[in-house]
Amino acid sequence: VNMTIPNDLLRGTVGGEALLSVCYSSSSLDLPVIRWQLRREKPITVVQSIGTGIIGTLRPEYRDRILVFGNGTLLLHNLRLSDDGTYEVEISITDDSFTGEGSIRLTVDESVSRPFVHTESSSVLELSENVVLNCSHENGTRTAYRWFKGGKPLTNDSRFLLSPDRKLLTITRVLMADEDVYSCSVENPVSSVTSRPVRLTVYSES
């Protein structure tokens with residue numbers, strides 16, 4: 001059995017579906033025996049079939065969520081975070097001495113909800129005050145954060161300090177030039193959402 005896998009990395013969304021595509025060729029006309037496993041400390045058998053006919057009883061977590069195609073491809077419906085992992089496939093045919101083997105990595109993420117920028121005070125006194133902006137959101141897995149001032153990306157600077165996880169932006173010894181609109185974006189492999197901008201007002205003692 002010669003097997004090819006067109007794409008060995010798939011990115012799925014919770015509630016969506018993933019098509020784990022494979023193709024095989026063989027000189028035998030017999031139906032293939034197809035086995036899909038999810039790699040864990042002890043591999044979990046997802047499904048075994050002869051052609052498209054599933055053998056035995058599926059595990060409860062896979063019932064009504066699986067379809068096997070004649071070429072070995074597996075369709076997973078209604079994805080869950082627990083489906084994340086590496087899937088190994090074996091295709092064997094009695095009359096063919098070689099077994100086709102391969103693997104596909106599936107990541108499953110929850111889409112990001114719109115983030116919000118919070119600050120204790122939206123107006124600060126020039127030179128004497130620091131301000132902390134906090135980027136928060138409800139949903140989303142494997143998230144990364146970015147900050148914008150006036151729509152332009154911000155990076156760590158002597159006065160603009162990002163926390164290690166980049167959720168917090170601290171502006172030290174605020175200047176009049178820092179008066180602007182600030183926003184954050186939250187991204188993951190399946191989505192990217194930007195907050196509504198928040199205006200920071202700076203006033204001087206005079």
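## Two paired strands

Strand β14 (residues 131–136) and strand β18 (residues 168–171) run antiparallel and are joined by four bridges. Strands are DSSP runs of E with at least two residues, numbered from the N terminus, and two strands pair if DSSP finds at least two bridges between them. Leu-133 has Leu-169 in β18 as its bridge partner.

This is a predicted model, in which local features need pLDDT of at least 70 and side-chain atom pairs count only at pLDDT 80 or more, while totals for chains, interfaces and linings use all residues. Residues are numbered from 1 along each chain as its sequence is written, and side-chain values use heavy atoms, with hydrogens and water left out.

## The four-stranded sheet

β14 and β18 belong to an open sheet of four strands, ordered β12-β14-β18-β17 with antiparallel pairing. The edges are β12 (116–119) and β17 (160–162); each has a single partner strand, so one side of each is left without a neighbour in the sheet. From one strand to the next, the twist averages 20°; axes are lines fitted to C-alpha atoms, and angles run from 0 to 180 degrees between N-to-C directions.

A UniProt record, an unreviewed entry, places the feature "domain: Ig-like" at residues 115–201. UniProt positions are given in the numbering used here, and annotations may be inferred rather than shown by experiment. The span of residues 115–201 is 0% helix and 52% strand, and its end C-alpha atoms lie 21 Å apart.

## The three-stranded sheet

Another open sheet has three strands in the order β3-β9-β8, again with antiparallel pairing. Here β3 and β8 stand at the edges with a single partner strand each, so one side of each is left without a neighbour in the sheet. Direction ignored, neighbouring strands of this sheet are turned by 15° against each other on average.

Three bridges pair β8 with β9 in the antiparallel sense. The bridge partner of Val-68 in β9 is Leu-74.

## Nonpolar cores

A nonpolar core is a set of buried Ala, Val, Leu, Ile, Met, Phe, Trp, Tyr and Cys residues joined through side-chain atoms within 4.5 Å. Buried means under 20% relative accessible area, exposed over 50%, and partly exposed in between (1.4 Å probe, protein chains only). The largest nonpolar core has 26 residues, of which Trp-36 and Val-46 touch the most other members. Among the elements that give two or more residues to this core are β3 (18–20), β5 (33–38), β6 (44–50) and β10 (85–92). A second, separate core has 20 residues, including Val-112, Tyr-145, Phe-160 and Val-186.

## Two residues compared with the cut-offs

Thr-86 is found in strand β10. Thr-86 counts as buried because its relative accessibility is 16%. Beyond its neighbours within four places in sequence, Thr-86 is in contact (heavy atoms within 4.5 Å) with Gln-37, Leu-38, Arg-39, Ser-103, Ile-104 and Arg-105.

Gly-53 is found in strand β7 (residues 53–54). With 35% relative accessibility, Gly-53 counts as partly exposed. Gly-53 and Ile-34 are 19 residues apart in sequence, and their C-alpha atoms are 9.7 Å apart in space.

## The whole chain

The chain has zero helices and 21 strands. Its radius of gyration is 26 Å, well over the 17 Å that the globule rule gives for 206 residues, so the chain is more spread out than a compact globule. The radius is taken over C-alpha atoms, and the rule is 2.2 Å times the number of residues to the power 0.38. Along the principal axes, the C-alpha atoms fill a box of roughly 90 × 30 × 25 Å.

Of the 206 residues, 37% count as buried.
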